[in-house]
Amino acid sequence: KPMDIVAELESSWVTMSASAPLRGHACLVFRRHAVELHDLNDNEGAAFMSDIRRLSRAVKSVTGAAKLNYEVHGNTIEHLHMHFYPRYPDDVFQGGPINPKAVTPPVYGAGEIESFRARLRQALGLTAA
């Protein structure tokens, strides 16, 4: 299992780390080991897309982001996962790509990540952890 699990959806875990590069960043990790989207069978693909859409709505609702960026890489961790980056008009990456390594200070104040996690669970229709 990944670290910082906030919720378990139909096919995936939702994670949210205090060391995120943007406030409200979440990651969706497919539960079965798979590396590529084409490794999923039709039912798994439909379930993963359903989880993507569900988490997308929840992140947008919780953060009020102007836009969400979605990234699927696997360069570092060869396991299917998708990053959800809320974009804000004044974020540090405005006008350019997201570079998590460029962020040094924490993006959350003391105790703030717990509030984000609780609100995300609520937006996903889940009870508080």
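Colleague: Which residues does L55 touch, not counting residues up to four places away in sequence?
Modeller: This is a predicted model. Contact here means heavy atoms within 4.5 Å. Leaving out residues up to four places away in sequence, L55 touches V14, A26, L28, F84, L120 and L124.

Colleague: Which residues have the most contacts inside the largest nonpolar core?
Modeller: In soluble globular proteins, nonpolar side chains tend to be buried together. The largest nonpolar core in this chain has 29 residues. Those with the most contacts inside it are V14, L28, L55, L120 and L124.

Colleague: Which element gives the largest share of this core?
Modeller: Take the largest nonpolar core, with its 29 residues. The elements giving it two or more residues are β1 (5-8), β3 (26-30), α1, β5 and α2. The largest share, 6 residues, comes from α1.

Colleague: Is V14 buried or exposed?
Modeller: V14 lies in strand β2, residues 12-15. Buried means under 20% relative accessible area. V14 has 0% relative accessibility, so V14 counts as buried.

Colleague: Where does D4 sit, and what is its phi?
Modeller: Most residues other than glycine have a negative phi. D4 is in the segment before β1. D4 is not a glycine, yet its phi is positive, at about 60 degrees.

Colleague: Is D4 buried, exposed or partly exposed?
Modeller: Buried means under 20% relative accessible area, and exposed means over 50%. D4 has a relative accessible area of 33%, so D4 is partly exposed.
The class for D4 is therefore partly exposed.

Colleague: Is D51 buried or exposed?
Modeller: D51 lies in helix α1, residues 42-63. The cut-off for buried is under 20%. D51 has a relative accessible area of 1%, so D51 is buried.

Colleague: Is S61 buried or exposed?
Modeller: S61 is also placed in helix α1. Exposed means over 50% relative accessible area. S61 has 55% relative accessibility, so S61 counts as exposed.

Colleague: How many Å apart in space are S61 and Y85, C-alpha to C-alpha?
Modeller: S61 belongs to helix α1. S61 and Y85 are 24 residues apart in sequence. From C-alpha to C-alpha, S61 and Y85 are apart by 13 Å.

Colleague: Where is P105 found, and is P105 buried or exposed?
Modeller: P105 is in the loop between β5 (81-87) and α2 (112-123). P105 and A20 are 85 residues apart in sequence and 10.0 Å apart in space, C-alpha to C-alpha. With a relative accessible area of 52%, P105 is exposed.

Colleague: What pattern does the chain follow along the sequence?
Modeller: The chain has 2 helices and 5 strands. Read along the sequence, they give β-β-β-α-β-β-α.

Colleague: What is the radius of gyration of the chain?
Modeller: The C-alpha trace spans about 40 × 35 × 25 Å along its principal axes. For 129 residues, a compact globule would have a radius of gyration near 14 Å. The chain agrees, at 14 Å.

Colleague: What percentage of the accessible surface belongs to carbon and sulfur atoms?
Modeller: Of the 129 residues, 43% count as buried. The accessible surface of the chain comes to about 7400 Å². The share belonging to carbon and sulfur atoms is 53%.

Note on methods. Residues numbered from 1 in each chain as written. Predicted model: local features only at pLDDT ≥ 70, side-chain atom pairs only at ≥ 80, totals over all residues. Heavy atoms only, no water. Helix = DSSP H or I, 4+ residues; strand = E, 2+ residues; numbered from the N terminus. Buried < 20%, exposed > 50% of the residue type's maximum accessible area, 1.4 Å probe, protein only. Rg over C-alpha atoms; globule rule 2.2 N^0.38 Å. Areas by Shrake-Rupley, 256 points an atom, 1.4 Å probe, with all protein chains shown as cover. Core = buried A, V, L, I, M, F, W, Y, C linked by side-chain atoms within 4.5 Å.
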